[in-house]
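Here is a short report on a two-chain model. Please look at the sequence and the structure first, then read on.

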Amino acid sequence: MPRRTRLRKVVAPPEFKGYKPYGTYKNSKEYVELLYEEYEAIKLSDYDLMNHKEASELMGISRPTFARIYESARRKIAKAFVETKEIRTVFGNTQMDDSWFICNACQARFTIPKTLKQNICPMCSSDQIESLNNQK
Amino acid sequence: MSKTVITSLGNELTSQFDKRFGRAEWFCVFDSETKGSSFIKNDFADSNQGAGTKAAELMVELKADKIISGDFGPKAKELLEKLNIQMVVIQDSTSIQNIVERISI
Ligand SMILES: [Zn+2]
């Protein structure tokens, strides 16, 4: 039986599609694919400074799984740096935290608490809002 | 009645928007009804741990309905979500005045 890949909870997707090296003569077409959950693992560990236990609980995965994703993320970034490769972020096995929305008019990202009745952007009152959950 | 908290680098409307939540220097509390604003110093900005949690607790004391910042840490996010306080993330480098004008239209 194939192993089931559990969905990992990602709080918010990265705000970029990728990173490109510059100042290099090597014009490589190759790239490294960084999964959203790998981005999240790096963010939680090295930006939010959480320990593996807290981070794995937040992502709804076991500690060994978190450690594996984190290790994979670091190796990919190291590979991209050393081999001057582009980094592209791809969706992977993620499940977005379903409470976040983005406004297509002003790019603000926000939550809508249950107690709030209106579904408009809190910054510009636009109704052109979209759930981050549906972004692929 | 609606109170919005905006993270700020200083204690005036001309101050720059602070993109950190737990470690923000100041919190600007804007009342959409009276159009008045006040500034509260974040005493936990320099604490080693738990700044996000402490700041989230302060939001309850301030009776905030909405918070505008550049990023919320995972713990603050979890708490604020439970407390039904709306979180708004913007990446603009701008003044508090500018944000207040945008939301009070
Ligand atoms: Zn908007």
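## Salt bridges

In this predicted model, R20(B) and D18(B) pair through their side chains in a salt bridge, with 2.9 Å from N to O. The two partners differ in cover. D18(B) has a relative accessible area of 2%, so this residue is buried. R20(B) has 36% and is therefore partly exposed.

R20(B) also forms a salt bridge with E25(B), at 3.6 Å from N to O. E25(B) is partly exposed, with a relative accessible area of 27%. Another group sits in chain A: salt bridges with shared partners link E30(A), K79(A), E83(A) and K85(A) into one network.

Over all chains, the rule gives 13 salt bridges. One of them joins E38(A) and K76(A), again with 2.9 Å between N and O. E38(A) belongs to helix α1 of chain A and K76(A) to helix α3 of chain A, so this pair ties together parts that lie 38 residues apart in sequence. E38(A) has 4% relative accessibility and counts as buried. K76(A), at 21%, counts as partly exposed. The cut-off matters for that call: buried means under 20% relative accessible area.

The table lists salt bridges described in this report.

| Salt bridge | N to O distance |
|---|---|
| R20(B) and D18(B) | 2.9 Å |
| R20(B) and E25(B) | 3.6 Å |
| E38(A) and K76(A) | 2.9 Å |
| K75(B) and E54(A) | 2.9 Å |

## The contact between the chains

How many salt bridges does the rule find across the interface of chain A and chain B? It finds one. The partners are K75(B) and E54(A), whose closest N and O atoms are 2.9 Å apart. On the side of chain A that touches chain B, the elements giving two or more residues are α1, α2 and β7 (109-111) of chain A. The count of residue pairs in polar contact between the two chains is five, with both residues at pLDDT 80 or more.

The size of an interface is often expressed as the accessible area lost when the parts come together. Here, about 1,800 Å² is buried between chain A and chain B. Carbon and sulfur atoms give 55% of that area. Which residues of chain A lose the most area to chain B? They are W100(A), P122(A) and M123(A), which together account for 32% of what that side buries. In residue terms, chain A brings 23 residues to the contact and chain B brings 21.

Helix α1 of chain A is mostly covered, with 10 of its 12 residues buried. Among them are Y36(A), Y39(A), I42(A) and L44(A). Just after α1(A), L49(A) takes a positive phi of about 55°.

Helix α2 of chain A spans residues 52-59, and its buried residues are A55(A), S56(A), L58(A) and M59(A). Why do they line one face of the helix? Seen down the axis of α2(A), the buried residues fall within an arc of 160°, so they share one face. Their cover comes from both chains. It includes β1 (8-10), α1 (36-47) and α3 of chain A, along with α2 (74-82) of chain B.

Both ends of α2(A) have a local feature. N51(A) caps the N-terminal end, with a side-chain oxygen 3.1 Å from the backbone nitrogen of K53(A). Just after the helix, G60(A) takes a positive phi of about 70°.

## Chain B

Chain B has three helices and five strands. Along the sequence they follow the pattern β-β-β-α-β-α-β-α. Of the 105 residues in chain B, 47% are buried. Now take contacts in chain B between residues at least 6 apart in sequence: 53% of them join residues at least 24 apart.

## Confidence

The mean pLDDT of chain A is 84, and 89% of its residues reach 70 or more. Where in chain A are the lowest and highest mean values among its elements? The lowest, 67, belongs to strand β5 (residues 94-96) of chain A. The highest, 95, belongs to helix α3 (residues 63-82) of chain A.

Notes: Residues numbered from 1 in each chain as written. Chains lettered and ligands numbered in written order. Heavy atoms only, no water. pLDDT = per-residue confidence, 0-100. Helix = DSSP H or I, 4+ residues; strand = E, 2+ residues; numbered from the N terminus. Buried < 20%, exposed > 50% of the residue type's maximum accessible area, 1.4 Å probe, protein only. Arc of directions from axis to C-beta. Contact = heavy atoms within 4.5 Å. Polar contact = N/O pair within 3.5 Å; in protein donor to acceptor, adjacent residues only side chain to side chain. Buried area = accessible area lost by both parts, 1.4 Å probe. Salt bridge = Lys/Arg side-chain N within 4 Å of Asp/Glu carboxyl O.
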